[in-house]
Amino acid sequence: MIDRLETFVSAHPASRFRGEAMFTLAAAAYNAGECEKAEQLFAALAHDAAGGNTRAEALFWAGKAAEAGGAGLKANATLNELLSSADAGGELTAEALLLQGDVLARLGRYDAAIVAFDEVLARFPQTRQAAEARGRKGDCQYTLGESDPARYEEALLSYRTLAGEAQAADDLKIEAMYKVAKALERQGRAEAALDHYLEAVYAFLRMEDATAEAAAWFTRAAYSAAAELGSRREFRRGFLYGNYRVGLFFLLKGDFTIRSFVLFFIFALLELLFQRVNGQVCCLFERFGGLAGAGVVAADVHANVNSLVLRRFGVL
């Protein structure tokens with residue numbers, strides 16, 4: 001099909017379908033990971049008479065392909081051309097500014113990236129792009145905090161604002177909660193950081209239809225909370241005891257699947273978190289539902305789990 005499209009583009013320079021064919025060829029190259037070729041094809045379309053109404057979109061994708069291929073300076077120049085033209089529409093402009101911010105951040109120009117993200121926030125408030133821009137602005141401020149610790153406070157403000165935005169996607173909120181904790185950790189505020197890691201864990205447990213992205217940030221938050229709690233002497237003994245009890249259950253059950261090892265980690269983690277998340281244990285079991293006799297597992301691992309957990313799984 002690609003050969004036929006290339007032949008068509010060469011043989012019919014005046015066809016009204018030439019622009020669509022060129023766009024398809026460029027998209028095919030991009031999807032195949034041929035970023036340099038894709039950038040050249042998109043750029044050629046943007047400056048070709050056949051581009052027509054697709055010129056702005058072609059410029060955007062030329063910039064995206066250049067960025068994906070590691071040509072940050074070329075990507076930035078292409079995006080500047082798009083943003084300075086009259087062809088850019090509302091949503092495309094927002095996406096182009098987001099992409100330009102990412103390009104500038106990868107080039108190490110974090111303050112310039114923040115300017116791009118601020119423009120998204122100013123021109124496109126209450127949108128998906130604005131929520132993403134706020135999080136990425138926080139990331140730039142966090143990175144700048146390594147050389148200027150005062151910037152951590154700016155990052156905290158960005159992340160906390162994002163976590164509280166009603167229109168933000170759930171995965172962005174979980175990510176923001178996690179990053180609040182990371183920034184607090186950088187400031188040496190371990191107790192506050194732990195509270196925010198657990199806040200991210202709780203928020204995930206309350207979700208009914210969690211996305212894969214949200215699950216990834218939940219996992220990071222859970223690991224970080226476990227690491228912090230595991231460093232405390234009062235939790236170490238309980239963790240080792242919990243590992244022994246959970247491991248014994250799976251050994252007797254004869255279940256050595258990957259899922260069992262995942263559950264092993266989850267139950268062991270609960271041993272660390274139990275003193276602080278007592279009421280949330282049942283929610284975590286429910287999210288990993290489908291385990292027969294989960295209430296018995298709960299009773300075996302946590303001898304002091306209250307009767308609410310056992311009733312949830314039909315044991316009492």
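**Close-up 1. Glutamate 119 and arginine 123 in helix α7 of the predicted model.** The two residues are four places apart in helix α7 (residues 110-123), so about one helical turn separates them. An α-helix has 3.6 residues a turn, so residues three or four places apart point the same way. The side chains of glutamate 119 and arginine 123 form a salt bridge, 2.8 Å from N to O. Glutamate 119 is partly exposed at 31% relative accessible area, and arginine 123 is partly exposed at 47%.

**Close-up 2. A salt bridge between arginine 189 and glutamate 153.** The closest N and O atoms of this pair are 3.7 Å apart. The bridge links distant parts of the chain, 36 residues apart: arginine 189 is in the loop between α10 (170-186) and α11 (190-206), and glutamate 153 is in helix α9 (residues 151-163). Arginine 189 has a relative accessible area of 35%, and glutamate 153 has 42%.

**Close-up 3. Lysine 182 and glutamate 185 in helix α10.** These residues are three apart, about one turn of the helix. Their side chains meet in a salt bridge of 3.4 Å, N to O. Lysine 182 is partly exposed at 26%, as is glutamate 185 at 34%.

**Close-up 4. Leucine 98 in helix α6 (residues 90-106).** Leucine 98 has a relative accessible area of 2%, so this residue counts as buried. Beyond its neighbours within four places in sequence, leucine 98 contacts residues including Phe117, Val120 and Ala133.

**Close-up 5. Helix α8 (residues 128-144).** Of its 17 residues, 13 are buried, so helix α8 is largely enclosed by the rest of the structure.

Key: Residues numbered from 1 in each chain as written. Predicted model: local features only at pLDDT ≥ 70, side-chain atom pairs only at ≥ 80, totals over all residues. Heavy atoms only, no water. Expected span 1.5 Å × (residues − 1). Buried < 20%, exposed > 50% of the residue type's maximum accessible area, 1.4 Å probe, protein only. Contact = heavy atoms within 4.5 Å. Salt bridge = Lys/Arg side-chain N within 4 Å of Asp/Glu carboxyl O.
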